[in-house]
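Thanks for asking me to look this one over. Here are my notes, in the form of numbered points you can check against the coordinates.

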Amino acid sequence: MPEQPHFDLLIVDADIPHATYCAGRLHREGAVRTLVHGSARDALAAFARTRLDAIVCTPRLADTDCWRFIRMVRSGRFGYGATPCFVLCHGEEIAALLPMTDEYTMLLDAQDESGLLSRLQAHCAGQRAQSVLVVEDEPHAAQAAARALEKFYTVDIAPDGASAISAWSQRRHALVILDLGLPDIPGARVLERLLADRPDQSVIILTAQDAPEAHQELMLSGATQFLSKPIDLHHLADACARALRERACLANAERSRVTAEAQRELAGHVHAASFRLQHGQTASASAHLRHALAASRSSAPSDDQWTELMNEFDAR
């Protein structure tokens, strides 16, 4: 039976005895490795040299408050900026502190000690739901990249272009890290194959060549960004996070554009239906309303909403 992987946790609390007690309780709940520090300065030094699953802290640290500390974590200058952070608060603090959280920061009731580790693990597992395919023919480099990412993403490795295309076709990874110098199919051809199937696929190119012309052509072809070899593994996870954020922003912009076009079409048909009704052309008005319903691309109202709408107009 394979050994359960350790959950690596940084605990930051000005009250060191309390932090040590918390670490012991987490150890009893499962396979956990903990680092305990009282100050943000010491915690950031540990964060910079260790890949962590999560950070647990209290609102007040020995040398600052947790929010300044979390802002430094989020900067990405000391480690992976999207590392999940959990702030242990007293019940009355949660509502007041909630506006200061971000998508990677959660508030937990410090008095609710039961199942703390399972909650941390469940949240971090959700964070790792996105998959990354590392396409690299040099085994040591591929394994090093996988280790740098495995706490933050689900990672697959492909040693050549053919296996990369096969693996991507089966799983459709959110992100591909692609070495250009592959032994069978050139990386540029792999990029072309992936983008032909999914034009919005995020692909980070690994290359030892610094020629701007080559970068320009591949970026114009659809590559997301370049990393020069040898890559800085300390910042690899942040490069992946930036690429995925860019893809999400572009997808949101496209959805907004489609929604705006549908709303303009809907408004046009509604105005046309109103005009036709005013001139007694009920058949034409009905046709415009049917087109308006199709343009809205939304579900029909619920029974309660429908009753409310009918009552509203009946009362006039």
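1. At what angle do helix 1 and helix 5 pack, and how far apart are their axes? Keep in mind that this is a predicted model. Helix 1 (residues 16-29) meets helix 5 at an angle of about 75°, and the two axes are 9 Å apart. Angles of 65 to 115 degrees count as roughly perpendicular, and the two helices are therefore roughly perpendicular to each other.

2. Now for the residues behind that packing. On the helix 1 side they are C22, R25, L26 and E29, and on the helix 5 side L116, L117 and S118. Sorted by class, this contact has 4 nonpolar, 1 polar and 2 charged residues.

3. V12 has H37 in strand 2 as its bridge partner.

4. Within helix 5, please look at C124. Is C124 buried or exposed? Its relative accessibility is 2%, and the cut-off for buried is under 20%, so C124 counts as buried. Leaving aside neighbours within four places in sequence, C124 is in contact with F7, D53, A54, P84 and F86. Y153 lies 29 residues away from C124 along the chain, and the C-alpha atoms of C124 and Y153 are separated by 9.8 Å.

5. There is also an open sheet of 5 strands with the order 7-6-8-9-10, again with parallel pairing. Strand 7 (154-158) and strand 10 (225-228) are its edge strands, each pairing on one side only. From one strand to the next, the twist averages 20°.

6. Strand 6 (residues 131-135) pairs with strand 7 in the parallel sense, over 5 bridges. Within this pairing, V132 has V155 in strand 7 as its bridge partner. Helix 6 (residues 139-149) packs on the sheet and touches strand 6, strand 7 and strand 8, with its direction making about 170° with that of strand 7. Helix 8 (residues 187-197) lies across strand 8 and strand 9 (202-207), and runs at about 160° to strand 8.

7. My last stop is D179, which sits in strand 8 (residues 175-179). Why does D179 count as buried? Its relative accessibility is 4%, and the limit for buried is under 20%. Which side chain does the side chain of D179 make a polar contact with? The partner is the side chain of K229, at 3.3 Å. Apart from neighbours within four places in sequence, D179 is in contact with V135, E136, D137, G187, L206 and K229. Of these, V135 belongs to strand 6 (residues 131-135), while G187 belongs to helix 8 (residues 187-197).

Note on methods:
Residues numbered from 1 in each chain as written. Predicted model: local features only at pLDDT ≥ 70, side-chain atom pairs only at ≥ 80, totals over all residues. Heavy atoms only, no water. Pairing = 2+ DSSP bridges. Helix = DSSP H or I, 4+ residues; strand = E, 2+ residues; numbered from the N terminus. Axes fitted to C-alpha atoms, helices over the stretch in contact; angles between N-to-C directions. Parallel < 35°, antiparallel > 145°, perpendicular 65-115°, else oblique. Contact = heavy atoms within 4.5 Å. Nonpolar A, V, L, I, M, F, W, Y, C, P; charged D, E, K, R; others polar. Buried < 20%, exposed > 50% of the residue type's maximum accessible area, 1.4 Å probe, protein only. Polar contact = N/O pair within 3.5 Å; in protein donor to acceptor, adjacent residues only side chain to side chain.
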